[in-house]
Structures are given as C-alpha cells and as structure tokens.
Amino acid sequence: MNEPLVTVARGLTPSQWEAVDHFEGPLLVLAGPGSGKTRVLTHRVARLLQRGVSERAILAMTFTNKAADEMAQRVAQLVPGARVEVRTFHSFCARLLRQWAPAVGLDHNFTIFDSDDQSQLLRQIVRDLDLTAFPLSPARLRHRISASKNQLLNADEFARQAEERVGDVVLLALARIYPEYQRRLLQQNAVDFDDLLLHTLTLLRENPEIRAELDDRYRFVLVDEFQDTNRPQYEILKLLAVDHPNVCVTGDPDQSIYGWRGACIGNILQFERDFPAARIVRLEHNFRSTPAILRAADALIERNVMRKAKRMVTHNPPGPPVRIVRTFDAHDEAAWIAHRIRQAVKSGRRRYGDFAVLYRVNAMSRQLETTLRGADVPYQVAAGLSFFERREVKDLLAFVRLLFNPRDDLSLLRIVNVPPRGIGKVTQQRLVDWARSRRLSLWDALADVRNIPGMSATARKRLEAFRDLMQSFHEHAAAGITELLEQILLRTGYREQFADAEGDEEALQRLANIDELLGLARSIDATAEAAGTDPLTAFLETTHLASDLDRWEEGDPFEPRATDAGRVTLMSLHAAKGLEFPVVFIIGVESGLLPHERATASGSQHEFEEERRLLFVGMTRAKEELYLTFTQQRQTQRGLRASIPSEFLMEIEAEWIEADDAQPDQSARHLLSGSGPASERRAPAPDAGDLSGPWDEYLDQPSEAPPDARDQSADDVALAEPRPAYHAPASDTPATPEAPPDPAADAGTDRGRPDAPSEHRGPAATGRPPVRLTTAAALLRGEFTEAS
C-alpha cells in the first residue's frame, strides 16, 4: 500500500474502509450513532480524489451549513488544495435555479422567503380573500402548504383534490389560499424553502438536456443524513444519478425523527429497490457511548418494525448503568438535576459544559431555568431565536433584498418606515391598494405615486424620498456588501436609534448584532473576491439558507459568574441530533409526553415509531452517563395531572436499569439527602458520583407557573390544549399518506440477522446482578425495591 493510501486508510475500522474504498456503483452506508460516518464521507472523497476523480465531478450534500463547512474543512485537511463542492440541498438547488431561473418562470434575482415572510404573506392573503372568520393561523397554513409540497402536490392538484372532499370547509379555504400564495410568490419573484426543491425538480424533469448535463458533471454524489431527506430531495437525487449511478448515501433509519417536517423514512428503506445494484455497508462500531448506554438504546429501538437491523458494539469501558429516576413533580425533577450537576462540578469530576438536559417539548425548560438560576448554575437554552431572525438583522437584510429584487413587496413594506420617516399605515395601505389595482409591484408603484388618489402631498414627498434613497444605494453595491451595509447604516441613521440608548442592554445587544452582520459581510466579500463570484448573491444565500442548528451555541445563556467550566445545555430532543455530551438527562419520559399524546391518539404506526426513534436519538447523545426521569404528577395548562411512566421505559433491557428513589417530601428528600433508614436508601452506581448532599436548598426555588401558550412550540400547544378539528386528523390532507413498507417486500431489512459479538455484552460487565423484566415493571409502578 503506497503512502497516500496509508494516510487515507489510517485509523479506519474494516467496515469504514469498505465504504471508503468502494468505487463505482450505488452505496448505502447504514451508520449507527457515534459510528464515525462523517469521517467515512470525508475519507471517501479523499479516496476518490486519490483514484484520479476530478474534484469538479464530486458533489457532497448535507442538511446544515455547519455540517457542510465541517466536511469541506476535513476534506481540505486530507487533500490540501482540494475544492470539492459541499453544499446543503437547499443551497445546491438555489445555485441551480440562479443559473436556469427562466426555465421555471423566475428571474435570476429571485428572493428566498423565510418563515416570517411566509406568515406575513399568508396573513395578507387570508385578509384579502375575506377568510378571517376561519381558524387559520399562519403557522398552520405554512405547515399544511409545506406538507403538500413535500408530497409533490402543487397548488392546482391540491385544489382539485380538495373539491372532492365534501364538508371540509377549512380544507376548501386552504384550496383557495394555496394557489393565491403561489401566485403572489411568483408575482414578487420569490420562492419559499420548499419551492427551491420543487422548482429544481421541475427543472430536471422538464429539461432533459439540463438533467443530462448535471448527471455528466457530477459523476459521484454523496448524501449525508439520508434518513432526513424528503420526497422532492430523493427525486432530485435519483435524477442526478441516471447515467452515472455512483451515489453514496449514509444514514440510519433509527435516527429518522423529522417526519413532521417532511422527512420520509421510506427513502432509505427502499434505496435498495430503487438501486438494485447497491452495496450495503453497516457501521456498527460506536466510538461515543458506553456498553450500558448502547444496550439500553438497542433494546428500545429493536421494537420498531420500520428499520434496518443492526447492533451497536463498542470497546469503551462499561460505565455506570442507565438510571431511571422518579420524582414527585417537575419542581423536584429540576431540583434533583441541579443538585446532581452541582455536586459533580464541585467534586471536580465534571464541568458544567459536560451536561445536557433534553426534553420533548420546549415548555419543559421553564422549570429547569428557574431552578438552575436559583442554584447559580450557568446554562444555555439551545435553538433560541436565530441570529438572522433578530429585528435589526432582518431590517438590514430587507434593504439588501429590495435592492437585489425590486419586486420583493414584503421587504419594501418592512423598511419603508424604518427608521421612522413619517410613512404611516394609512399611506402604506393606499400604496398597496393602488399597486394591486394596476398589477404593479410596490416598487414600480412608487414611480407613479403622484397619481395615487387620496395621497397627501407630504406623503407623496416622503415616498419619493424613500425611492430616491434606495436608488442611491445601487452605486455602492458594486463595491461589495460591506460598503453597501455601511452606507445603509450611515444614510438611514439606523444605528443611531440604538446608539443613543446608553446603558440599555437590549440596545447594546442590537448594536453587537449589527457589528456581527458587518463581520459576516467582510468575510463574504473576501471569499467572493477570491472565488470570482458576486458578493451580493453569496451574502443573500448565506443569510437566507442559514439553519437554526448552525448557530445553536447562540442560544439564551445564563452565566451567573465568570467561569471556564462552560454551561449546561438545555435543548429539545429534536435539536440534540448530531451532538454528544458526557452526561445526559432526558426529562419527562412519560405517557403523553414521550411518546407524545398526538402520536398515540392518531393510531399511526409511523408516528409512534418516530417517537421511539426520538428517545433513541436522545439516549445515544450520552457518552458516559444517562438518566431518564419521570414524575408522579405534572402541571399542564389543563391543570395538575397524575403522570404515567412512558411505555418506552418498559422496553429498555431491565438489566441495565437502576431506579433512584426520588419521592415527595418524607421519601424523596431524605432518600436523596442521605438521611432516613438505610434500608430505604440506594447506593450510587459505580463511578456515578455521590448522590448525597443537602439538595433541599434547590427545592426552595419557586415552582414555575403553567407556561403561556404564546411561547410554546406546536407540540407544547398540542399537549396543553385540545386539538382543533382542522389540525388533528391526518385525513384532512388530500394526499394519501405514505403506506408503511411491506416487511415481506423489504428484503434489505435483514431482521433476525445474527448479532456481532462484543466482549461488553453480558450483565457481568456492570458488576451488578441482572434485574428481571417483572422487577422493572414493579419499579415503574412505584414499588422501588433493590433487586437481589
């Protein structure tokens, strides 16, 4: 083996090398959690380059900009100077559409609408169509339209199918809204995120010469997190691999947890059917977690039917057993976690940054935040408000967007009176009405403002001054995005409205965000100059296509004092995917929460198995210690309710469960503080740290009131309130839901495949006697007794 080949192969397991060294033909890499799939992808790219494949012939696609940047950097480390194209699906599609926009009815300078833009447009449409009497929130309309697009239903097809559904007035209202929504997007030369995919799919299907050109250009296509792809993305992938089916996909059906946003687990399950010559490689060696954690996770996920059989193995030390912790209520739950973290940090065994607390619905973070603040524990709430969703950032982006695409009415309305220049709502509405009556964009209507009836001379003068101001910025755009933003800030006086607020923390944060945006602009200017690309286009694509998960560290931090020990991370189970932490707490593992009541009420196998996968993902974030908690009672918006332990707890191999008695008042407090009869106390697990200590101080923090529904996620609201009829039934959508795969037809599932051996598989690895399933059931019923 020559030296370059040794460099690529160094440190790889046999199965990893098998995937890396595969050359031509389709390849499916089934990669369990913590199995080094990113390493495999980057080394595979390096191996292809070693074989003489042109870097221009390789396309790698993933789901976040952060993952794409990381992959590109790793490839550059393996093959210095290589410039392989690594993109997200959406950025790849946006680039293709910029090139061939007229083929799908767009101009090259189209705008990409984010969720806020969509909501604003949908509100206008509901009002203009006189549908305000219907319970049609913008969020639900967005979801329903997105779901239809993910099922490849365009507006006309949706409307036709809706007409066949007698008596469903909400669906009929949506059938009017969806076509009008698409018409206005086209009128404003705009697309939403789903349109980036659908327009690209249309481009490839209706233009065989373009499809063939791209197929020939990208001879080798690699896709990461394939289980998260939706139907349009998979159809695009197949069209890119007709003539040269050298497509490599990596993923894990057991980690498919985004069905609610269109991800289709059937894509990875049917890959072998669509690519019969596919080679299958399983990455089952886990480099992250202890055997105890993996055994518990394996026992859980094996209950799912829609999966590809595999068994995770590891050579990591055994570690302490997975623990199930029962507390009285959410107050005690948070107090126990705060105590556990404080004790571990105080002992020197852990840093605050080693801990993560995961939950099914975002509202569950409130009690944790209250308690951690009271306990002086630094923390961050991940997946907070995205940087690009902050008011000052969106304002400045709207100026740039309008310059780039003058037909972007939403951007014009956002900034026409920002900073305030005396153009009020009445004036704006007259401008809108005039433009619509003449079928003009608002920008074009500004040129005819003197003919708008009812417009005062002062209002006309102010609108004309705004148009002149915007036109004056064009000369600066050619000098780069940094120069353009600085001129916008200077000539509009935007920065001054915050600069005068001395001592105002919020104003200081907004100024810092403006400086951060300027820093991004400088970086993009430099990159665009080196690459010979347009900085304005690059800037807008970077800001439009940014993912919340790309900046999860930018959450809502609480740091009571300067510390080098990091912060405890609070985040939803969905947001935790792809991350890892030494110690993980998963709270609220209760029926109605996990699995969510929506999944159990629907009776859908798809939804229920996705809830199980969600817990599996959360469990496999843990490297060394894992705790699953449930309460005896929990406060919801429906009132105080008795909690039922999740049925998923019964599915975890009982040998690897240790229940810590954390019961109310006379039970919990003396059990966890080390007082009370010795027979009622439980010894801590080996190497798990001391549970003793005065944790009552954490219970003195006030219990959080039921959360305000306005601050909750969709799942929070669904949990707290009865679901409206228009939101609940899956049958509302005109499309037929995807049928579960036929196990008999899915020859690739390999159910019953022999497990790979591992020296860390027996109960003896923990040094504890096994606990039988009947004992585990008694533990969950509240009969907490030590197994013998």
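1. The crossing of helices α5 and α10 is left-handed, meaning that the near helix is turned anticlockwise from the far one by less than a right angle (clockwise would be right-handed). Helices here are DSSP runs of H or I with at least four residues, strands are E runs of at least two, and both are numbered from the N terminus.

2. This is a predicted model, in which local features need pLDDT of at least 70, side-chain atom pairs count only at pLDDT 80 or more, and totals for chains, interfaces and linings use all residues. Residues are numbered from 1 along each chain as its sequence is written, and side-chain values use heavy atoms, without hydrogens and water.

3. Helix α5 covers residues 89–100 and helix α10 residues 193–206; their axes lie 9 Å apart at an angle of about 55 degrees. Axes are lines fitted to C-alpha atoms, for helices over the stretch in contact, with angles from 0 to 180 degrees between N-to-C directions. The angle makes α5 oblique to α10 (under 35 degrees is roughly parallel, over 145 roughly antiparallel, 65 to 115 roughly perpendicular, the rest oblique).

4. In the contact (heavy atoms within 4.5 Å), α5 contributes residues including C93, L97 and W100, and α10 residues including F193, L196 and L203.

5. With helix α11 (residues 208–217), α5 crosses at roughly 130 degrees, the axes coming within 13 Å. This crossing is right-handed. Here R95, L96, Q99 and W100 of α5 meet I210, E213, L214 and R217 of α11.

6. Regarding confidence, the mean pLDDT (the predictor's confidence in each residue, from 0 to 100) of the protein chain is 80, and 77% of its residues reach 70 or more.
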